[in-house]
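Work through the exercises below with the structure in view. Each task is followed by a solution in steps.

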Amino acid sequence: MKKNKVIILIALIFLVIFFFISQKNRLPKLSLMISEEIILENGVRIEDQFITISTEQIYANPNSETFPAVVRSSGEKPVQTEYTGIELKYLLDEYGFNVKDDNKITFNASDGYRIILLGEEANQPKNVYLVYKRDGELLKAKSRGGKGPYQIVIRKDPFSQRWIKHVDEIIIE
Ligand SMILES: Nc1nc2c(c(=O)[nH]1)N[C@H]1C(S)=C(S)[C@@H](COP(=O)(O)O)O[C@H]1N2
Ligand SMILES: [Mo]
């Protein structure tokens, strides 16, 4: 009888440990919020559309590209690197949203950082990307000391203030 209780207790402890480890390794999802009345290609009309995109969907995105960039981190020398990501306008397009020049795009990060771009900037060819890899390695989440799992890279913007890290929400108005 007593032995059984001990076994159950040990199993429970393992379960709790396993639960916490799996929670810690879970990557944040990306939310897309389209807060404008839009009409999809199939004629469906939606208001305040809310879409959640999983990490798996981002990593497997067929529109992924790898491109070179120079990173200027504060207090360090510029570093030549390579990013892999999806051009923002193509990503939004996949979810039925065609960026217009006068759209306002707000990016929110898990640490409270926020930047706002105009649709115009996102529409410039090969300019605004949602990246998930740097030099071939997946960007780590903030909880694991990384800059990801997603970061916005604005190639035409040489200063990285607007290269928002840990993006978890994109709002289009
Ligand atoms: N989420 C988030 N992104 C951010 C910041 C921040 O504080 N939080 N700082 C910005 C600023 S001011 C700079 S200079 C760069 C710094 O990035 P790095 O030093 O990690 O390369 O990230 C930009 N993106
Ligand atoms: Mo900065």
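The protein chain exposes about 10,700 Å², and carbon and sulfur atoms supply 56% of that area. The model is predicted.

**Exercise 1. Overall make-up**

Task: State how many helices and strands the protein chain has, and what share of its residues count as buried.

Solution. 
Step 1. The protein chain has 4 helices and 12 strands.
Step 2. The chain has 173 residues, and 37% of them count as buried.
Step 3. For contacts between residues at least 6 apart in sequence, 55% join residues at least 24 apart.

**Exercise 2. A surface patch**

Task: Find which residues form a nonpolar patch on the surface.

Solution. 
Step 1. The patch is formed by Leu9, Ile13, Ile17 and Ile21.
Step 2. Together these residues have about 380 Å² of accessible area.
Step 3. One of them, Ile21, lies in helix α1, which covers residues 2-25.

**Exercise 3. Buried or exposed?**

Task: Decide whether Glu87 and Lys89 are buried or exposed.

Solution. 
Step 1. The side chains of Glu87 and Lys89 meet in a salt bridge, at 3.7 Å from N to O.
Step 2. A residue is buried when its relative accessible area is under 20%.
Step 3. Glu87 has a relative accessible area of 2%, so Glu87 is buried.
Step 4. Lys89 has 18% relative accessibility, so Lys89 also counts as buried.

**Exercise 4. A network**

Task: Name the residues that salt bridges with shared partners join into one network.

Solution. 
Step 1. Asp157 forms a salt bridge with Arg162, with the closest N and O atoms 2.7 Å apart.
Step 2. Asp157, at 11% relative accessibility, counts as buried, whereas Arg162, at 25%, counts as partly exposed.
Step 3. Salt bridges that share partners join these two residues and Glu121 into one network.
Step 4. The count of salt bridges comes to 5.

Methods:
Residues numbered from 1 in each chain as written. Chains lettered and ligands numbered in written order. Predicted model: local features only at pLDDT ≥ 70, side-chain atom pairs only at ≥ 80, totals over all residues. Heavy atoms only, no water. Salt bridge = Lys/Arg side-chain N within 4 Å of Asp/Glu carboxyl O. Buried < 20%, exposed > 50% of the residue type's maximum accessible area, 1.4 Å probe, protein only. Helix = DSSP H or I, 4+ residues; strand = E, 2+ residues; numbered from the N terminus. Contact = heavy atoms within 4.5 Å. Areas by Shrake-Rupley, 256 points an atom, 1.4 Å probe, with all protein chains shown as cover. Patch = residues over 30% accessible without salt bridge, like charges linked within 9 Å, V, L, I, M, F, W, Y side chains within 5 Å.
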